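Dear colleague,

Please find below the structure that I am handing over to you. My notes on it come after the model.

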Amino acid sequence: MITSKKTIEKIRAIINKHYNRVISKVLGKSLLDKKELEELKEAGYETSNDSFLEVVYNHNFINKPNNPLNPTSWEEMVAQQKAPGVVPQGEAHGYSIETLNESLKQYIEKQKLEIASRIEGIVRKNNDSYKMDALKNLDRPEYLDLLMKESSLSKIKQELRDTAANANYDWQRLVLTEMGNAVGIGSVDRIVSDNRDKDLTEVFVYRIPVNDDKTCVHCRKFYNNPKDNTYKIYRLSTLLSNGSNYGRKTEQWLPVIGSTHPNSRTSPIVEIPPGYKIKTGGGLTYIGMDKWKDYILQNLES
Ligand SMILES: [Zn+2]
């Protein structure tokens with residue numbers, strides 16, 4: 001089975017359309033150009049206005065952690081944000097959201113190119129092996145030729161299926177990681193705007209990692225405090241200056257505000273207001289200003 005150049009172009013167009021649909025669904029249609037949007041419409045796909053990451057960011061900005069009244073479903077989150085005056089406005093928020101959207105868009109574009117070249121590689125390899133076989137058996141009967149076509153077709157189908165499964169896994173990892181960043185950045189933007197008058201070295205925070213047997217040693221080490229079964233305390237400035245672990249080797253990972261590593265199930269950053277102490281389970285309890293200073297000094301991570 002020789003797959004023609006035309007077929008490869010068709011495959012490329014399908015991949016392109018698929019990824020544009022993903023971009024429009026996850027990041028909102030503002031990131032696509034007019035032609036791309038028209039193609040999607042023609043193909044019968046709905047384009048969405050909402051950026052998934054924007055909703056996650058806003059949710060973490062608007063709602064302080066540990067509040068039982070916070071929206072719990074996607075529909076509730078979107079409904080809350082549709083109410084007038086709820087969504088934070090201004091350049092700084094616009095910047096946070098744009099950065100989140102743009103970085104995920106770049107990853108998606110990169111993944112699109114990778115998958116296209118992987119699929120083209122499979123098609124080419126398959127063409128080559130069919131061609132070699134045909135050259136070696138120029139006078140083979142037609143039924144044998146058909147058989148060859150059949151077998152190479154099922155081989156290529158399997159390889160394409162495997163590639164799609166891998167791409168799906170990559171995609172899940174991408175979204176989880178970027179969602180983690182949106183959660184972390186949304187919660188931190190909120191803490192910063194609540195502490196306008198303070199230096200960020202004097203703002204103390206913690207994070208409650210998801211706690212089950214899937215939680216990795218790094219997240220446990222960075223965020224859990226085994227001394228009293230609560231969570232480690234950091235200056236907000238420390239977490240911010242640790243930047244992002246993206247591109248770092250495992251042994252260089254640091255506690256950060258966004259995703260700690262790919263596939264991490266990130267939780268928001270929580271502020272410890274003056275006078276409060278973390279309880280087992282993650283809530284806060286008032287202990288008074290005198291005790292508080294000692295508590296922070298004794299438990300602070302550098
Ligand atoms: Zn982890």
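This is a predicted model: local features need pLDDT of at least 70, side-chain atom pairs count only at pLDDT 80 or more; totals for chains, interfaces and linings use all residues.

Residues are numbered from 1 along each chain as its sequence is written, and side-chain values use heavy atoms, with hydrogens and water left out.

Zinc site. The zinc ion has the protein donors Cys216 (SG), Cys219 (SG) and His261 (NE2), which lie 2.0 to 2.3 Å from it. Donors here are N, O and S atoms within 2.8 Å of the metal (3.2 Å for Na, K and Ca); water is not among the atoms, so sites may look incomplete. Along the chain, the donors follow the spacing C-x2-C-x41-H. Cys216 sits in the loop between β1 (204–207) and α7 (217–223) and His261 in the loop between α8 (236–241) and β5 (269–271), so the pair ties together parts that are 45 residues apart in sequence. Helices (H or I, at least four residues) and strands (E, at least two) are DSSP runs, numbered from the N terminus. His261 is buried, at a relative accessible area of 13%. Buried means under 20% relative accessible area, exposed over 50%, and partly exposed in between (1.4 Å probe, protein chains only).

Helix α9. In α9 (residues 289–299), the buried residues are Trp292, Tyr295, Ile296 and Asn299. They cover an arc of only 95° around the axis, which puts them on the same side of α9; the arc is that of the directions from the helix axis to the C-beta atoms. These buried residues pack against β1, β2 (224–225) and β6 (276–278), where contact means heavy atoms within 4.5 Å. Asp290, Lys293, Leu297 and Gln298 are exposed, on the face of α9 turned away from its buried side.

Salt bridges. The structure holds eight salt bridges, each defined as a side-chain nitrogen of Lys or Arg within 4 Å of a carboxyl oxygen of Asp or Glu. Among them is the pair Asp194 and Arg190, at 3.0 Å from N to O. Asp194 and Arg190 are four residues apart in helix α6, and therefore separated by about one helical turn. Both count as partly exposed, Asp194 at 34% relative accessibility and Arg190 at 21%. Salt bridges that share partners also join Arg12, Glu120 and Arg124 into one network.

Another salt bridge joins Arg118 to Asp170, with the closest N and O atoms 3.6 Å apart. This pair links distant parts of the chain, Arg118 being in helix α5 and Asp170 in helix α6, 52 residues apart. Arg118 is partly exposed at 30%, while Asp170 is buried at 16%.

Surface patch. Met132, Leu135 and Leu138 make a nonpolar surface patch of about 340 Å². Patches are made of residues with over 30% relative accessible area and no salt bridge; like charges are joined within 9 Å, and nonpolar side chains (Val, Leu, Ile, Met, Phe, Trp, Tyr) within 5 Å. Accessible areas come from the Shrake-Rupley method with a 1.4 Å probe, and for residues only the protein chains shown count as cover. Leu138 lies in the loop between α5 (91–136) and α6 (142–194) and is exposed, at 69%.

With kind regards
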